[in-house]
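Subject: Structure handover

Hello,

Here is the structure for your files.

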Amino acid sequence: MAEHFRIFAQPARSILTATSGFLQEAGFTHSLTPARNCTFGCTYCYVPTMRVYGGLKPEDWQRWGQFTTFKENAADLLRRTIRPSMVIYCSPLVDPYQPAEAERRAMPAILDVLITRPPRVFTIQTRGPLILRDLEQLQELNRRTTLRVSFSITTNREDIRKLYEPHCAPIPERLAVIRQLESHGITAHATLAPLLPADPEKLVDAAVGVSPHNLVGDALHLRATKRHGATTREQAFRVAAHHGQQEWFEPDFQALTIQRMKERARAAGRRFQTGPEAFAWLAQAENLASRTS
C-alpha cells in the first residue's frame, strides 16, 4: 500500500485522560492516546465526529487519515503521571499501531515506561499487525501486569474490508496476529467491532478459531440508538448506499445480527457481548501470582 499521509510531532500537555461514559462504565480509569488523527483513515471511524470533544483540531476532522500528529513527549509525560492503580485503555481516539507508527516508533518508548512502572491493567485496542514488532516488550509487560490486546476483526469478507477500511491489513493476516499473540502468552481478544457487512456465523467461527476468550463486539454507531456523542462517519453511509448494504445501519437489523452471533458463540462455548459489559472483560485485572509458566 502506498503511503499518502504526513507525520508531525508536537509536545503535549498530558498523555493520560480520566475516563468517562462508556470506558468508565466498563471499568477503565484512564485512557492513553499517543497521537492525534489516525492514518488508517477508516470510512466509519467515529473519532472525527467528536471534533473538539475528541481533542481534535478542524484540520483533523476535515482531513481525517491524511496525516497524524504524535505526542513527542508521550513517554516522559507517562513516566511522571502513571500510577500502579490505573486501568488504562490505549486508545479510544487513535490506533496505537496505525501505519505512521512504523516510522515514528512511539509505542516502544511508551512500553518501556509501562514495564518499569506498570499500571494495574493495560489494554491495547488495535487492528495493526505492527504490534508484533513489539512482541518482546509486550511479553515483558505481561509478566509485570495484566496486559490485554483487543484486536479488531470487523468482517469475514475481504471485499467488504476493502470498501470500508482499505488501509487496514487483510482479515486473514489480522486473525493470524491474534493467534501469534496467544501463542506467546498474551491475552488477545478477537473484537468484532465495528460490525461491518459479514456472514455473522462465519465471523464468529473465525474469531473462535484464533482466540480462546469471550468475544467483544459492537455494532456501527447510529444516531437512532445513540443520541449524543460520537457516531459513524457519513462516508461509511455513502459506501453502504452505493453497494446496497444500508440494512447494516438499521437498529433492528443490527440487533438481529448480534443475536445470531450470540447464539453461534454460545454453541462454541463462548460468550459474545457488546457495549460496556463486553469491554469490561478487557478491564479486569488478573492475579499474576496464579499464572502458570
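Two strands count as paired if DSSP finds at least two bridges between them. Helices (H or I, at least four residues) and strands (E, at least two) are DSSP runs, numbered from the N terminus. On that basis β4 and β5 are joined by two bridges and run antiparallel.

Some ground rules. This is a predicted model, in which local features need pLDDT of at least 70 and side-chain atom pairs count only at pLDDT 80 or more, while totals for chains, interfaces and linings use all residues. Residues are numbered from 1 along each chain as its sequence is written, and side-chain values use heavy atoms, with hydrogens and water left out.

**The three-stranded sheet**

β4 and β5 belong to an open sheet of three strands, in the order β1-β5-β4, with mixed pairing. Its edge strands are β1 and β4 (35-36), and each of them pairs on one side only.

Strand β7 covers residues 121-126. Six of its six residues are buried, so β7 is largely enclosed by the rest of the structure. As a general point, side chains in a regular strand alternate between the two faces of the sheet. In β7 both faces are covered. V121, T123 and Q125 are buried on one side. F122, I124 and T126 are buried on the other.

β7 runs parallel to β6, and four bridges join the two. There, I88 has F122 in β7 as its bridge partner. β7 also runs parallel to strand β8 (residues 146-152), with six bridges between them. There, T123 has R148 in β8 as its bridge partner.

Helix α6 (residues 135-144) comes in here too. Together, β7, α6 and β8 make a right-handed β-α-β unit. Right-handed means that, with the strands pointing away from the viewer, the path from the first strand over the helix to the second runs clockwise. α6 contains E140. E140 is partly exposed, at 22% relative accessibility. From E140 to D199 is 59 residues in sequence and 37 Å in space, C-alpha to C-alpha.

**Helix α5**

Helix α5 spans residues 107-116. Seven of its ten residues are buried, so this helix is largely enclosed by the rest of the structure. The buried ones are M107, P108, I110, L111, V113, L114 and I115. What do they pack against? Their partners are β3, α3 (74-81), β6, α4 (101-104), β7 and α6. Contact here means heavy atoms within 4.5 Å.

**Aromatic pairs**

Rings of Phe, Tyr and Trp (its six-membered ring) pair if their centres lie within 6.5 Å; planes under 30 degrees apart are stacked, over 60 edge-to-face, and the rest tilted. The whole structure has six aromatic pairs.

Take F8 and F67. Their ring centres are 5.9 Å apart and their planes stand at 75°, so the pair is edge-to-face. The pair links distant parts of the chain, 59 residues apart: F8 is in strand β1 (residues 6-10) and F67 in strand β5 (residues 67-71). F8 is partly exposed at 34% relative accessible area. F67 is buried at 4%.

F28 and Y89 are also edge-to-face, at 5.1 Å centre to centre and 70° between the planes. F28 lies in the loop between α1 (21-26) and β3 (30-32), and Y89 in strand β6 (residues 87-90), so the pair ties together parts 61 residues apart in sequence. F22, F28, Y89 and F279 form one aromatic cluster.

**Cysteines**

How many disulfides does the structure hold? Zero, taking a disulfide as a pair of cysteine sulfur atoms within 2.5 Å. The sulfur of C42 has its closest cysteine sulfur in C168, 3.6 Å away, which is too far for a bond. C45 is in no disulfide either; its nearest cysteine sulfur, that of C42, is 6.5 Å away. C42 is buried at 6% relative accessible area. C45 is buried too, at 14%.

Best regards

Methods: Buried < 20%, exposed > 50% of the residue type's maximum accessible area, 1.4 Å probe, protein only.
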